[in-house]
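Hi,

Here is the structure I promised to pass on. Please have a look, and my notes on the side-chain contacts follow below.

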Amino acid sequence: MQQGNDHRHSVLFVCLGNICRSPMAEGAFRAAAQKAGLNVRTDSAGTASYHIGDTPDPRAIDVAHQNGVDISGACGRQLADSDFDEFTHIFALDKANLAGIRSKAPRNHTAQVSLLLDVLDHRSDDSIADPYYGDESEFQECWNEIGEAVDELVAKLTHQNAGLGG
């Protein structure tokens, strides 16, 4: 059960351009958190500035829609210094972007920065492949990997909240 606007956790998903993986992760996470009754703030960003202001790739929108999630309203943006203190967790979708995030991180930031797949014991230190140059089947595979990880993330955050009395 959601309690007010108390966001104990805020989660940012980051890929390269913020038009494929990270908006799919944001949408999948938002849907899973809502289903679990987890009150959490979420967003997505890219490490590069290629697609600022763009909507997600049409293939990402289609695959999300096929899985019951609407990401068509997402708007590409670049990772900002303020994100490192505004979010409790920043999840990179791959190792190259994790390195980019860490290199941009301001000194003494408060966010926990890691790979999204680190939440899965059997996929720790693994990347989600960029489907941009692939076909819709690669977008679906990306969605499946993201879905498994965000379901586990929601379970872990829900458990943490329960331990905190919420």
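In this predicted model, the charged end of Arg-41 sits over the ring of Phe-87, 4.3 Å from the ring centre. "Over a ring" requires NZ of Lys or CZ of Arg within 6 Å of the ring centre and within 35 degrees of the ring normal. Arg-59 likewise has its charged end over a ring, that of Tyr-132, at 5.7 Å from the centre.

Arg-59 also meets Asp-57 in a salt bridge (2.8 Å, N to O); the term covers a side-chain nitrogen of Lys or Arg within 4 Å of a carboxyl oxygen of Asp or Glu. Arg-59 is partly exposed at 23% relative accessible area, whereas Asp-57 is buried at 8%. Here buried means under 20%, exposed over 50% and partly exposed in between (1.4 Å probe, protein chains only). The whole structure holds 10 salt bridges, and Arg-21, Asp-94 and Asp-130 are linked in a network of them.

On the aromatic side, there are 3 pairs. Ring centres of Phe, Tyr and Trp (its six-membered ring) must lie within 6.5 Å; planes under 30 degrees apart are stacked, over 60 edge-to-face, the rest tilted. Phe-13 and Phe-91 are stacked, with 6.1 Å between centres and 25 degrees between planes. Both Phe-13 and Phe-91 are buried, and together with Phe-29 they form one aromatic cluster.

Residues are numbered from 1 along each chain as its sequence is written, and side-chain values use heavy atoms, without hydrogens or water. Local features need pLDDT of at least 70 and side-chain atom pairs 80 or more, while totals for chains, interfaces and linings use all residues.

Best wishes
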